[in-house]
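Please keep the sequence and the model at hand while reading.

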Amino acid sequence: MRASYAAVPLYRLYCQTTGLGRSAVAGHASDQIENMVPVKDRIIKVTFNAGVHASLQWNFRPQQTEIYVVPGETALAFYKAKNPTDKPVIGISTYNVVPFEAGQYFNKIQCFLFFYIDPEFAEDPKMVNVDLITLSYTFFEAKEGYKLPVPGYN
């Protein structure tokens, strides 16, 4: 079996284990999402890219290159990962947000990739000229016995 077929259940298991698949992360409760007021006059372009570590032979890419969102609205983006080899591989991923200062407003609600930009983004004077945010994911091969540190979780 190729790991790409097992990736969804394995990733779901990872999300359930860490809590990342059940609720908002970084202290953002789901009731906050229900009560958010979109800032309609502030449109942000979110671009997506993907990479893999040199030791991992997966094909990994976003299904869309960009979407437009406003702070306070949820959005959904998709990535596709495929293991073209006959060797089963389990991958783990990390992501970052550019510009760095916008990262505090980028909130993943679930693993790959339901998110929102916090409405407070529109009130931050440091974000006044930010109209482009880039989300970058990188996949690595999971090594047996290695535990990935997850911020905010023991």
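Rings of Phe, Tyr and Trp (its six-membered ring) count as a pair if their centres lie within 6.5 Å; planes under 30 degrees apart are called stacked and planes over 60 edge-to-face. The model is a predicted one. By that definition the structure holds 9 aromatic pairs.

**Pair F48 and F115**

- The ring centres of F48 and F115 are 6.4 Å apart and the planes stand at 65°, so this pair is edge-to-face.
- The pair links distant parts of the chain, with F48 in strand β1 (residues 44–52) and F115 in strand β8 (residues 114–117), 67 residues apart.
- F48 and F115 are both buried.

**Pair F60 and Y79**

- F60 and Y79 are stacked, at 5.4 Å centre to centre with 20° between the planes.
- Because F60 lies in strand β2 (residues 59–62) and Y79 in strand β5 (residues 79–82), the pair ties together parts that are 19 residues apart in sequence.
- Both F60 and Y79 are buried.

**Aromatic cluster**

- One aromatic cluster is formed by F48, W58, F60, Y79, Y95, F106, F115, Y137 and F139.

**Open sheet**

- An open sheet is built from 3 strands in the order β4-β8-β7, with antiparallel pairing.
- Strands β4 (74–76) and β7 (106–110) are the edge strands, each pairing on one side only.
- From one strand to the next, the twist averages 35°.
- Strands β4 and β8 run antiparallel and are joined by 3 bridges.
- Opposite T74 stands Y116 in β8.

Methods. Residues are numbered from 1 along each chain as its sequence is written. This is a predicted model: local features need pLDDT of at least 70, side-chain atom pairs count only at pLDDT 80 or more; totals for chains, interfaces and linings use all residues. Side-chain values use heavy atoms; hydrogens and water are left out. Helices (H or I, at least four residues) and strands (E, at least two) are DSSP runs, numbered from the N terminus. Buried means under 20% relative accessible area, exposed over 50%, partly exposed in between (1.4 Å probe, protein chains only). Two strands pair if DSSP finds at least two bridges between them. Axes are lines fitted to C-alpha atoms, for helices over the stretch in contact, and angles run from 0 to 180 degrees between N-to-C directions.
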